[in-house]
Amino acid sequence: MRFRSGDREAFSEIYETFVDVLFAYGRKMTSDRELVKDSIQDLFLNLYKFNPHLHQPEYLEFYLFRSLRNEIIHKIKKSKQELSLTDDGMFLFDLKFNVEQDALDGDSEELRVKALKEILQSIDTQKRELLFLKFSTGLSYIEIGQLLGINPDTAKKQVYRTLDQLRDRFGKQLLELLMIWCKE
Amino acid sequence: MTNSDQKFIENPQFLKWIFHNNLYTEQYWENYLLEHPGEKDQILELKQRLLELQFSNDTLFFTEKAELKNLIGTRIDRNLKPNRLRFVLRSFMRYAAVAIVFAAIGGLVVYLNVGQDSVYQQFAEQIIQVPASASGPVLITSNGENVDLKKSNSSVDYSQNGSIVLNSDSVIQATADAPDVMNQLIIPYGNQSRLVLSDNTVVWLNAGSRLVYPSRFNDKVREVLLFGEAFFEVSKDENKPFVVKTSDLQIKVLGTEFNVSAYPEDKVIQTVLKEGSVSVRSNHSGLFERALILKPNQMASFNRILKDTKVYDVDVSYYTLWTKGLLSFDEIDFTRIVKKVERFYNISIGFSEPKLGSTRISGKLDLKQSRDEVLEYLEKVSLTKIDKLNDNQYIVNK
């Protein structure tokens, strides 16, 4: 990867590729936009500084998500905003499906939205984060497991269980196909 | 769900496109849609349906994203001077090694390539600070003087020997430069400029662009460096080719009219030919690779991620209308149009839901109208509501 020679252009490519999903991820951990932006800044600065140690570019995405997660937790703790963390030191992972904003369209739609909301509220924050990472990033179960400190098999099982709950609402076939995709 | 829907869902590239899109997959599907127009409706419908499964995410505003990037750039430059020197040395050594290997075959060619790369790199890495007080484009003359052009629609003319005419009224004395001493014209967002070079070539520079050029060309070749978008009307000189260098491509012509869009933040570099002929060559192409020759009404679209070029037949007027302050679009992603409007008015437009940005819209914008009128028109063609958050931030709502 050209990036390892310190090429500014490749670095900028990495920024453009990942900044949106990193920001979206960070914003689910905290409502403080500035804190997320600062964390992204530090993250990229460190990436540039220490990139010679990043010998395996295939782990780049994992590195970015892990660093951002650590950086945000660190900053939240430092700024004594611990209120935004739950009792066991976890953050609230504020995950919403896009459809929730469509709630105004008709009755059946409304019911479906309500059901979806219930599902997302019924699962714990870790599972919400898990779903986000599975669908919005290219991380593997092994990497997701490492990030959340859980066994990769558990991660996979939990994704399946949540999808099971979603199955009724989104039609059987579509969900089955999604599950095939989640196997990898 | 039909069988052919399954075909797409089983394609891992398709789910990637919806759930964790990146430049590569975006380009993949853009090309796919262009090559399979018959499947377009089905694909877009399926995408819309699957988008419902996407989470609702907060997004950075366009200006926030650029600001953040600049901050990172500045901090890297400030903190890492010693380290950077090491990088430069290391990459120099790498080129040197390559040069030695090739010396026996054609030392001169390799030497020239190294030289060209580094000149571009040198300008690309400069962090351009457009002074906040500047009300319009900024001209940096060869002696390092910064001239504020003050008008958002300005002109700079080098065709009068020895002097530079600004906005057709004021004149500054050009230093008696040797050939190839570089000047720069920097066009902030919300501005445009018309530049006449010393050989009478006319260049229109679009918002958010930068052109590096000499006040006087040398005897063999006319070379300029472009960051952003420009339309060129190159004056004919069979003996001195005109070369536009961009991050990944160089475009060579003898005398013709063409548009180049090479914004650093865009994933594609587009060259559209209006008249005559141009040759397009990748900076990374091998010694034996042929340059691509474009015919009028063709566009070469170079993908910076895949490093490949595709040629399409296009309606040139769509790509050159911006020089007249117009923007026309036919079945284009709403986000693309929004990006152009953001650059033109120097504003940020966010989306409350990402899927709003993926609707395809058609229409024509007159950017000479007021910002409010243009946004109102956009609301109509996209069936959305664009709400004002503050002076220069807007959000698209359903």
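B:Asp333 comes out as buried, at 13% relative accessibility (buried is under 20% relative accessible area, exposed is over 50%, and partly exposed is in between, with a 1.4 Å probe and protein chains only). Before going further: this is a predicted model, where local features need pLDDT of at least 70, side-chain atom pairs count only at pLDDT 80 or more, and totals for chains, interfaces and linings use all residues. Residues are numbered from 1 along each chain as its sequence is written, chains are lettered from A and ligands numbered from 1 in the order in which they are written, and side-chain values use heavy atoms, with hydrogens and water left out.

**Salt bridges**

Back to B:Asp333, which forms a salt bridge with B:Arg360 (a side-chain nitrogen of Lys or Arg within 4 Å of a carboxyl oxygen of Asp or Glu). B:Asp333 lies in strand S19 and B:Arg360 in strand S21, so the bridge ties together parts 27 residues apart in sequence. Helices (H or I, at least four residues) and strands (E, at least two) are DSSP runs, numbered from the N terminus. B:Arg360 is partly exposed, at 26%.

The whole structure has 15 salt bridges over all chains, including these:

| Pair | N to O distance |
|---|---|
| B:Asp333 and B:Arg360 | 3.0 Å |
| B:Lys245 and B:Glu223 | 3.4 Å |
| B:Glu35 and B:Lys310 | 3.9 Å |

B:Glu35 sits in helix H3 of chain B and B:Lys310 in strand S18, so this pair ties together parts 275 residues apart in sequence. B:Glu35 is partly exposed at 47%, and B:Lys310 is partly exposed at 26%. As for the other pair, B:Lys245 is buried at 7%, while B:Glu223 is partly exposed at 26%. There's also a salt-bridge network linking A:Asp42, A:Glu71, A:Lys75 and B:Arg75.

**Rings**

A search over all chains turns up 16 aromatic pairs (rings of Phe, Tyr and Trp, using the six-membered ring of Trp, with centres within 6.5 Å; planes under 30 degrees apart are stacked, over 60 edge-to-face, the rest tilted). A:Tyr15 and A:Phe44 have ring centres 5.3 Å apart and planes at 65 degrees, so they are edge-to-face. A:Tyr15 is buried at 2%, and A:Phe44 is buried at 0%.

In chain B, B:Phe14 and B:Trp29 are also edge-to-face, at 5.2 Å and 80 degrees, and both are buried. The charged end of B:Lys47 sits over the ring of B:Trp17, 4.0 Å from its centre (NZ of Lys or CZ of Arg within 6 Å of the ring centre and within 35 degrees of the ring normal).
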